[in-house]
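Please look through the sequence and the model shown below before reading on. The paragraphs after them lead from the overall arrangement to individual residues.

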Amino acid sequence: MRDPQMAADGFTYEADAIRDWLDKGHDRSPVTNQTLANCDTIPNIALRSAIQEYLKQNNMNKSFALYEQQH
C-alpha cells in the first residue's frame, strides 16, 4: 500500500482504489456494503508511517521505490 486513505466506513484503502470506486458513483462501502456518510477520504498517517518503517527495517525501500516508479 502506497497511499492509505480512510473512508467514512472506518476502513483503510489504497487511495487510487477507493477514489476509483467513488468516482464510478458508488456510495456504499466496498467492505460492509453500508451507505457511506460521505465520499471524503483522509490520509491514514499512522498506517503510512508503519508501512514506511517496515520497509526501512526490512531494507525494502529500494524495491518499493522501484515499484512506485513503475506504477
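This is a predicted model: local features need pLDDT of at least 70, side-chain atom pairs count only at pLDDT 80 or more; totals for chains, interfaces and linings use all residues.

Residues are numbered from 1 along each chain as its sequence is written, and side-chain values use heavy atoms, with hydrogens and water left out.

The protein contains 3 helices and 3 strands, where helices (H or I, at least four residues) and strands (E, at least two) are DSSP runs numbered from the N terminus. Read from the N terminus on, these elements follow the order β-β-α-β-α-α. Of the 71 residues, 18% are buried, a term that stands for under 20% relative accessible area, with exposed meaning over 50% and partly exposed lying in between (1.4 Å probe, protein chains only). The accessible surface comes to about 5,200 Å², and carbon and sulfur atoms hold 51% of that area; such areas come from the Shrake-Rupley method with a 1.4 Å probe, and for residues only the protein chains shown count as cover. Among the contacts (heavy atoms within 4.5 Å) with a separation of 6 or more, 40% join residues 24 or more positions apart.

The strands form an open sheet of 3 strands in the order E2-E1-E3, with antiparallel pairing. Strand E2 and strand E3 (42-43) stand at the edges, and since each has a single partner strand, one side of each is left without a neighbour in the sheet. As a general point, strands of a sheet pair through backbone hydrogen bonds, either parallel or antiparallel. Two strands are taken to pair if DSSP finds at least two bridges between them, and E1 and E2 are joined in the antiparallel sense over 3 bridges. Within this pairing, Gln 5 stands opposite Tyr 13 in E2.

Just after H1, Gly 25 takes a positive phi of about 95 degrees.

Ile 18 and Leu 22 also belong to the largest nonpolar core, whose 5 residues include Ala 7, Tyr 13 and Leu 36 as well. Such a core is a set of buried Ala, Val, Leu, Ile, Met, Phe, Trp, Tyr and Cys residues joined through side-chain atoms within 4.5 Å. Leu 22 counts as buried at 10% relative accessibility, and, leaving aside neighbours within four places in sequence, Leu 22 is in contact with Leu 36, Cys 39 and Thr 41. The C-alpha atoms of Leu 22 and Asp 40 are separated by 9.2 Å, although these residues are 18 apart along the chain.

Asn 44 is found in the loop between E3 and helix H2 (45-57). Asn 44 is buried, with a relative accessible area of 14%, and, not counting residues up to four places away in sequence, Asn 44 touches Pro 4, Gln 5, Met 6 and Thr 12.
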